[in-house]
Amino acid sequence: MTRPLVVVGDALLDRDVTGVVGRVAPDAPVPVLDERSAAERPGGAGLAALLAAAQETEVALVTGLADDAGGARLAELVTAAGIELYPIRLPGATAEKIRLRAGGQTLLRLDRGGDPQPPGEPPEAVLELLSRARAVLVSDYGRGLLRQPTLRAALAGATAPVVWDPHPRGAAAVPGARLATPNLAELRQLTGDAGTGPALSTATRAGQELRRRWRIGAVAVTTGPDGAVLCHSGTAPLVVPPPSTVAHVEDTCGAGDRFAATAALALADGASVAEAVQAAVGAASAYVAAGGAAGLHRAPEQPSPRAAGEELVAKVRADGGTVVATGGCFDILHAGHLATLQAARRLGDCLVVCLNSDRSVRGLKGPERPVNPEQDRARLLAALDCVDAVVVFDEPTPHQVLARLRPDVWVKGGDYAGDGAPELPEAELVRRWGGRVVTVPFLAGRSTTGTISAARQRGLHLVKGAV
């Protein structure tokens, strides 16, 4: 018997109508939208299930379904995405949200379906499903499904981790839920907190209040472009910023669903709540950057570091700028490295760091190196203001990456500076395209090898002292 991620909540039918506005209506001061395309997708808990299924995991959806054309279409879309559907009878009409969009903006949203009606009793298959779930994601959209007593009792008795994505008009989380994921505006409405003072203070104060009131493990307050604030049993909240800034946001619809779904899957795989929230922030940021719900069927553009570096070089060169490059292992980033990088950056209009891969470092330095993996080394370098791009290369020398980038200036420091120093092995190559090879001052006494040696000696002295 399989153990899927089970999404429980109010599913909606979403329809995006996209067109072009070129005139104002003659009978009213409103824009006229000339429809060019329309797309339907599951919304609400249906979208949360869709986003979870996109992460290549088995997903089941428990939701109320009305006996109408909208309900039939919603069921068709859900099952077509490979999601197991467990419907609960829902009186009335299917809730629909129709967005009219132009130029990447929503002009108007039309809601259909009327006031929600109380759902029927969940069938035995739903209760059995919840008893064997890997994790449960409750996606409450305030239409009453989560107030159903039998369903709530089954959720309260679930042994799998429960993540509760609440709605201001929805039900309280069941006691013992592992994590709740309101956004800041929802949190204010749920607690009645007016939100005076900085957002971090509000998120912490109201998040802890909600955690105590609902008797749950933790509350992760999503704060849009600022990431999330995790309120737990500890005295200090965990602030999780996004991995990068999203330059332009077309549509944030579904970002909260992506956050909650990712957190639930991480908890299902044994992650701590803190680890789950960090993964969720990264996933939600990437989702928004890729266009949100509108980009679900569009492959996100994720250029490799190599492509990004070459693109930067091409742009700077097209603008008549000077491309500067330097290279090395940068195993333990220290003040000597920083001095070299800052000096190199001042020589041109961009600085590209050619970074030895882990395999390359092992070949040069021995099996005990590098101390830090290439992903960490690249991330630290890229975070420096003086570094514009990092390109990792796998060869023993940077010759191949230099031949691709063809920098105007190749910079080194350290042992290659001073009278009588050997010529750089890359010098002849760089001169072939008219590039210059220079050295820059370095800080004496700073080296990675020296730092590692000193750390080992220090550890040895501590051990001897303990004996």
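Modeller: Happy to. First the naming: helices (H or I, at least four residues) and strands (E, at least two) are DSSP runs, numbered from the N terminus. This is a predicted model, where local features need pLDDT of at least 70, side-chain atom pairs count only at pLDDT 80 or more, and totals for chains, interfaces and linings use all residues. Residues are numbered from 1 along each chain as its sequence is written, and side-chain values use heavy atoms, with hydrogens and water left out.

Colleague: Thanks! Where does Phe 330 lie?

Modeller: Phe 330 sits in the loop between strand 14 (323-328) and helix 10 (335-345). Its phi is near 50°, a positive value in a residue other than glycine. Most residues other than glycine have a negative phi, and most peptide bonds are trans.

Colleague: Speaking of peptide bonds, which residues does a cis one join?

Modeller: Arg 369 and Pro 370, with omega about 5°. You'll find Pro 370 in the loop between helix 11 (358-365) and helix 12 (374-382).

Colleague: On to helix packing. At what angle do helix 1 and helix 7 pack?

Modeller: Helix 1 (residues 45-53) and helix 7 (residues 255-268) pack at about 55°, with their axes 9 Å apart. Axes here are lines fitted to C-alpha atoms, for helices over the stretch in contact, and angles run from 0 to 180 degrees between N-to-C directions. The two helices are therefore oblique to each other; angles under 35 degrees count as roughly parallel, over 145 as roughly antiparallel, 65 to 115 as roughly perpendicular and the rest as oblique.

Colleague: Left-handed or right-handed crossing? And which residues make the contact?

Modeller: Helix 1 passes helix 7 in a right-handed crossing. A crossing is left-handed if the near helix is turned anticlockwise from the far one by less than a right angle, and right-handed if clockwise. Leu 47, Ala 48, Leu 51 and Ala 52 of helix 1 meet Asp 257, Arg 258, Ala 261 and Leu 265 of helix 7, where contact means heavy atoms within 4.5 Å.

Colleague: What about helix 3 and helix 4: how do their axes cross?

Modeller: The axes of helix 3 (residues 124-131) and helix 4 (residues 149-156) come within 9 Å and cross at roughly 20°. That makes helix 3 roughly parallel to helix 4. The contact involves Val 126, Leu 127 and Leu 130 of helix 3, with Thr 150, Leu 151, Ala 154 and Leu 155 of helix 4. By class, this contact has six nonpolar, one polar and no charged residues. Ala, Val, Leu, Ile, Met, Phe, Trp, Tyr, Cys and Pro count as nonpolar, Asp, Glu, Lys and Arg as charged, and the others, Gly among them, as polar.

Colleague: And helix 5 with helix 6, which handedness there?

Modeller: Helix 5 passes helix 6 in a left-handed crossing. Helix 5 (residues 184-191) and helix 6 (residues 199-214) pack at about 50°, their axes 10 Å apart. That makes helix 5 oblique to helix 6.

Colleague: New topic: how many cavities of 30 Å³ or more are there?

Modeller: Three, from a search of the whole structure. On a 1 Å grid over the protein atoms alone, a cavity is a set of points where a 1.4 Å probe fits but cannot get out, and lining residues have an atom within 4 Å of a point. Grid points are joined across faces, edges and corners, and a volume is the space filled by probe spheres set on the points. The largest cavity has a volume of about 120 Å³.

Colleague: What lines the largest cavity?

Modeller: It has 15 lining residues, of which Asp 10, Ala 11, Gly 64, Leu 90 and Arg 143 lie nearest its centre. Strand 4 gives the most to this lining, with three residues.

Conventions: 1 Å grid on protein atoms, 1.4 Å probe; cavity = no way out; pocket = protein on both sides within 12 Å on 5 of 7 lines; lining within 4 Å.
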